[in-house]
Number of protein chains: 2
Amino acid sequence: MVGVRQFNENEVIATALDVFWRKGLHDATMQDLAAATGVQRGSLYNAYGDKEAIFLRAFDQYTGQFLEAAGHALAHADTMTALRNFFDMIIVNMTDGSPARGCLTTRTALDAAISSTEVRQRVQDVLGRLEQLIGKTLSAAPGRRRAADANRLARVIVTFTRGLAVMERAGYSRKQLKESAATFVDAVMGA
Amino acid sequence: MVGVRQFNENEVIATALDVFWRKGLHDATMQDLAAATGVQRGSLYNAYGDKEAIFLRAFDQYTGQFLEAAGHALAHADTMTALRNFFDMIIVNMTDGSPARGCLTTRTALDAAISSTEVRQRVQDVLGRLEQLIGKTLSAAPGRRRAADANRLARVIVTFTRGLAVMERAGYSRKQLKESAATFVDAVMGA
DNA sequence: GTCAATTTTGACGATAGTGTCAATGATACT
DNA sequence: AGTATCATTGACACTATCGTCAAAATTGAC
């Protein structure tokens, strides 16, 4: 049929997210997106302009889900439990699917040098917000930690999550990643 | 001139390493390599077969240098000092050049899903060897740590270095990376 | 019922990259 | 000196991707 939009935007973006998640912004092609969504290339160009516009929408959807899940996992009175929940969530997130899709933010960050300012900005945003979420969780713990320390530690934790994402790509299993995360939490939080 | 090899292999591989370091295995083209080395595309195909063969040589050169530098940095009696040296080296390594080239191993790991078995194997090798180097350093410390603990912690440290590489790509400065590394070392080694 | 707006569709041109190959001609060995 | 070897060179075929566009066709408004 012609003349009226044939596809549901939310479905298309959700499907596009899956494609980008598996292939990355750079490697996913408009043909990939067309095949996965069932919407022809020309229609996608007409509706969104270019690949990056589609990516930005998909990425926003992704980061929204991700940060919400992170906030939920961290919402536990006991800081140790909160962090363990958080790492469980992170690791499941990146090892899910077959083959596993890895971490979209990390993959996108690695391509930052060849990406637009907008893409770079989104990566920095999501990392910054994650840092804030964790910082708040640490600060909220029974006040034995100064805010500055909590923020520094939050950045260390964010950095470690990025490391896990790389290790996943390098072939480490979910179990291995969980073990490393547990070791990290114990060591850093001084268990 | 024709009939005799016009280029020095070591120079070509060293130059190719720089190209791969800046662009990544996937994004660097034979044309990039030809332009940078001054050797024509056809000659490179004739001499090496394909792009991946050139990459493997360059990557081997890279990991050799890298692991040697890591071993040297870690060769200090005091574990804390050894780790600080190590992180300094790592961070300088990835923030060097303008624009900074980042970490080649990390970049390569992120593309593991679309790379050959050989490439994946090399990434796992270098990470495994790095882990061993660090594990030995930790085990050698005045024996308050069991070997199993040292190995687990070594993997955590390797993971953190991968995280630093991602954060560098995301735009964090050398100074910020060094601060995070310092916080990490203090937290993990219980300073 | 007519018409304007808008989406779909397939085709097109342009660009970029890969890998191959035949011709060339210098070099080194006999 | 003659000859086989081998790196160089430029051209070639092939594939993939991008972005554009005109034609077609349907809907919804007037």
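**Helix packing and the A–B contact**

Trainee: At what angle do the axes of helix α5 (residues 79-95) of chain B and helix α9 (residues 174-188) of chain B cross?

Mentor: This is a predicted model, where local features need pLDDT of at least 70, side-chain atom pairs count only at pLDDT 80 or more, and totals for chains, interfaces and linings use all residues. Residues are numbered from 1 along each chain as its sequence is written, while chains are lettered from A and ligands numbered from 1 in the order in which they are written. Helices here are DSSP runs (H or I, at least four residues), numbered from the N terminus, and axes are lines fitted to C-alpha atoms over the stretch in contact, with angles from 0 to 180 degrees between N-to-C directions. The axes of α5(B) and α9(B) come within 10 Å and cross at roughly 155°.

Trainee: So how are α5(B) and α9(B) oriented to each other?

Mentor: Angles over 145 degrees count as roughly antiparallel, under 35 as roughly parallel, 65 to 115 as roughly perpendicular, and the rest as oblique. By that rule, α5(B) and α9(B) are therefore roughly antiparallel.

Trainee: Which residues of α9(B) make the contact with α5(B)?

Mentor: Two residues are in contact if their C-beta atoms, placed from the backbone, lie within 7 Å. From α5(B) come Met80(B), Leu83(B), Arg84(B), Phe87(B), Ile91(B) and Thr95(B). Across from them, α9(B) brings Arg174(B), Leu177(B), Lys178(B), Ala181(B) and Val185(B).

Trainee: Which residues of α8(B) does α9(A) meet?

Mentor: The α9(A) side has Glu179(A), Ser180(A), Thr183(A), Phe184(A) and Ala187(A). In α8(B) they meet Arg152(B), Leu153(B), Arg155(B), Val156(B) and Thr159(B).

Trainee: Which element gives the largest share of the side of chain A that touches chain B?

Mentor: The contact takes 34 residues from chain A and 34 residues from chain B. On chain A, the elements giving two or more residues are α6 (104-110), α7 (117-140), α8 (147-169) and α9 (174-188). The largest share, 12 residues, comes from α8(A).

Trainee: Which residue of chain A has the C-alpha nearest the axis that relates the chains?

Mentor: Superposed by least squares on C-alpha atoms of residues with pLDDT of at least 70 in both, chain A can be laid on chain B with an RMSD of 0.0 Å by a turn of 180° and a shift of 0.0 Å along the axis. That is the relation of a two-fold axis. At 1.8 Å from the axis, the nearest C-alpha in chain A is that of Gly163(A).
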